[in-house]
Amino acid sequence: TDESERWEYCNVPSCPFVNLTTVAIHKDHPAVAYPKDYELIWSSKGMTTNDASPSSSRLTLWNPLPPPGGYTCPGQVIGTTTYEYDEPPNVTDVACIMETYLNEEDTVVPMVDGSIMLWNSAGIESDMDGSIWSCTIVVQSNMTVANNNVIDPALYVSRQEYDDPGHNDCRVLNKSKFTLCEDDESFRFKNVERYDCSWIGLKANKRCRKKWRKKSIYEYCPVSCSKC
């Protein structure tokens with residue numbers, strides 16, 4: 001689908017620039033919805049510089065609030081000079097995911113070791129306390145959780161306390177809920193070497209409708225047949 005018509009959920013923050021796992025979900029899919037509003041977690045309002053003059057920096061941390069119907073909004077949103085202190089980001093900037101598509105709680109948790117607290121407001125003169133924590137995949141003794149069972153986008157969580165990660169909001173996509181969409185490199189229509197998926201894609205409207213070994217061609221070549 002067109003980029004403006006889908007959400008892309010990647011396993012690293014720099015989605016467009018590296019080789020990574022990406023899940024694309026159509027914006028009209030019932031698994032995704034816009035948040036209903038935002039909750040302010042922290043802002044730099046009242047922050048001063050070393051000489052006690054007001055700081056020109058403007059930073060806010062926002063928690064998207066999911067709509068009713070069993071949705072969760074993974075991660076938080078950082079606002080910079082684009083937003084006023086009391087002006088939340090646009091609700092269309094992020095997506096909330098239906099709970100059934102997410103990992104079970106406690107398989108991905110905020111790390112509490114000081115080395116992976118990304119930031120806190122300790123020592124900063126501002127009107128609010130706050131902190132940012134990274135999330136990580138963990139294996140518990142009574143569970144079998146492997147890295148390839150979830151899609152980890154390197155999420156963070158922000159809190160209104162500077163030293164406590166609080167309730168676990170580290171929720172990521174459960175990989176088993178999604179079908180990998182890629183062409184079968186071994187596919188050869190009628191066993192002809194040059195009749196691979198790239199050949200199918202040259203005349204996709206006609207060739208994707210055909211069948212081979214009791215399966216539709218687009219099942220072998222979903223990318224070439226624009227089924228992803």
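Visitor: In β5, what is the bridge partner of S43?
Guide: T60 is the bridge partner of S43. Note that this is a predicted model.

Visitor: And which residue in β7 is the bridge partner of T60?
Guide: That is G79. Strands β5 and β7 (residues 77-79) pair in the antiparallel sense, over three bridges.

Visitor: How many bridges between β4 and β5?
Guide: Six, with β4 (residues 37-43) and β5 again paired in the antiparallel sense.

Visitor: Why is β5 described as largely enclosed by the rest of the structure?
Guide: Because five of its six residues, in the stretch 60-65, are buried.

Visitor: Switching to cysteines. How many disulfides does a search of the whole structure find?
Guide: Three. One of them joins C73 and C96, with the sulfur atoms 1.9 Å apart. This pair links distant parts of the chain, 23 residues apart: C73 lies in the loop between β6 and β7, and C96 in strand β8.

Visitor: Is C96 buried or exposed?
Guide: Buried, at a relative accessible area of 0%. C73 has 8% relative accessibility, so C73 counts as buried too.

Visitor: What handedness does the C73 and C96 link have?
Guide: Right-handed, with 70 degrees about the S-S bond. The link of C197 and C221 is left-handed, at -75 degrees.

Visitor: Where do C197 and C221 sit?
Guide: C197 is in helix α1 (residues 197-202), and C221 is in the segment after α3. Both cysteines are buried.

Visitor: Which cysteine is joined to C208?
Guide: C225, with an S to S distance of 1.9 Å. That link is left-handed, with -95 degrees about the S-S bond.

Key: Residues are numbered from 1 along each chain as its sequence is written. This is a predicted model: local features need pLDDT of at least 70, side-chain atom pairs count only at pLDDT 80 or more; totals for chains, interfaces and linings use all residues. Side-chain values use heavy atoms; hydrogens and water are left out. Buried means under 20% relative accessible area, exposed over 50%, partly exposed in between (1.4 Å probe, protein chains only). Helices (H or I, at least four residues) and strands (E, at least two) are DSSP runs, numbered from the N terminus. Two strands pair if DSSP finds at least two bridges between them. A disulfide is a pair of cysteine sulfur atoms within 2.5 Å.
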